[in-house]
Amino acid sequence: MASIGLLLIRFVFGLTFAGHGAQKLFGWFGGHGLQGTAGWMESIGLKPGKVMAFAAGAGELVGGILFALGLWTPLAALFMVVSMIVAIVKVHGPNGYWITQNGYEYNLAIIVVAIGVALIGPGQYALDTILFR
């Protein structure tokens, strides 16, 4: 049962995270695409905006997909954690904890889930387990 729980956690958090990357890179799911994200990143001091937008989007997309698949789980978790630390430092941290005030509550939840799964392991239903047993 624990492996099914880990699969559910990885799948939901991973695909949601990948979706945020697709928003940044391709404008999918209501996102602004690379150009729009680059402009926003420049506005908050992350320069060059296009490089930073690509790095953030690619890290979220790849990290999320790897996390969902349970493939190279520690690396996937690292992508997620780094992205969320940048989001906290550059955007959400000054707003306090609660997401209702645009705070870092959700970012911290993602960090804890990513680190927790990396420490526990991705479970039986993961490519890491299948390929690297």
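## The largest pocket

In this predicted model, the largest pocket holds about 790 Å³ of space. Its lining consists of 34 residues, and those closest to the pocket centre are K24, E60, S83, M84 and A87. By class, the lining comprises 18 nonpolar, 13 polar and three charged residues.

Five helices each supply at least two residues of this lining: helix 1 (2-26), helix 2 (33-43), helix 3 (49-69), helix 4 (73-92) and helix 5 (105-120). The largest share, ten residues, comes from helix 4.

## Helix 4 against helix 5

Helix 4 and helix 5 have axes that come within 9 Å and cross at roughly 160°. Angles over 145 degrees count as roughly antiparallel, and the two helices are therefore roughly antiparallel to each other. The crossing of helix 4 past helix 5 is left-handed.

On the helix 4 side, the contact is made by T73, P74, A77, M80, V81, M84, I85, A87, I88 and H92. Helix 5 contributes N107, L108, I110, I111, A114, I115, V117 and A118. The residues of this contact divide into 15 nonpolar and three polar, with no charged residue. M84 and A87, which belong to this contact, are also among the residues closest to the centre of the largest pocket.

## Helix 2 against helix 3

The axes of helix 2 and helix 3 come within 8 Å, with a crossing angle of roughly 115°. Because angles of 65 to 115 degrees count as roughly perpendicular, helix 2 is described as roughly perpendicular to helix 3. This crossing is right-handed.

L34, Q35, T37, A38, M41 and E42 of helix 2 meet G49, K50, M52, A53, F54 and A56 of helix 3. By class, the residues of the contact between helix 2 and helix 3 are seven nonpolar, three polar and two charged.

## Backbone features in the loops

Most residues other than glycine have a negative phi, and most peptide bonds are trans.

In the loop between helix 1 and helix 2 lies F29. The phi of F29 is near 55°, a positive value in a residue other than glycine. The loop between helix 2 and helix 3 contains P48. The peptide bond from K47 to P48 is cis, and its omega is near -5°.

Technical notes: Residues are numbered from 1 along each chain as its sequence is written. This is a predicted model: local features need pLDDT of at least 70, side-chain atom pairs count only at pLDDT 80 or more; totals for chains, interfaces and linings use all residues. Side-chain values use heavy atoms; hydrogens and water are left out. On a 1 Å grid over the protein atoms alone, a cavity is a set of points where a 1.4 Å probe fits but cannot get out, and a pocket is an open set with protein on both sides within 12 Å along at least five of seven lines; lining residues have an atom within 4 Å of a point. Grid points are joined across faces, edges and corners, and a volume is the space filled by probe spheres set on the points. Helices (H or I, at least four residues) and strands (E, at least two) are DSSP runs, numbered from the N terminus. Ala, Val, Leu, Ile, Met, Phe, Trp, Tyr, Cys and Pro count as nonpolar, Asp, Glu, Lys and Arg as charged, and the others, Gly among them, as polar. Axes are lines fitted to C-alpha atoms, for helices over the stretch in contact, and angles run from 0 to 180 degrees between N-to-C directions. Angles under 35 degrees count as roughly parallel, over 145 as roughly antiparallel, 65 to 115 as roughly perpendicular and the rest as oblique. A crossing is left-handed if the near helix is turned anticlockwise from the far one by less than a right angle, and right-handed if clockwise. Contact means heavy atoms within 4.5 Å.
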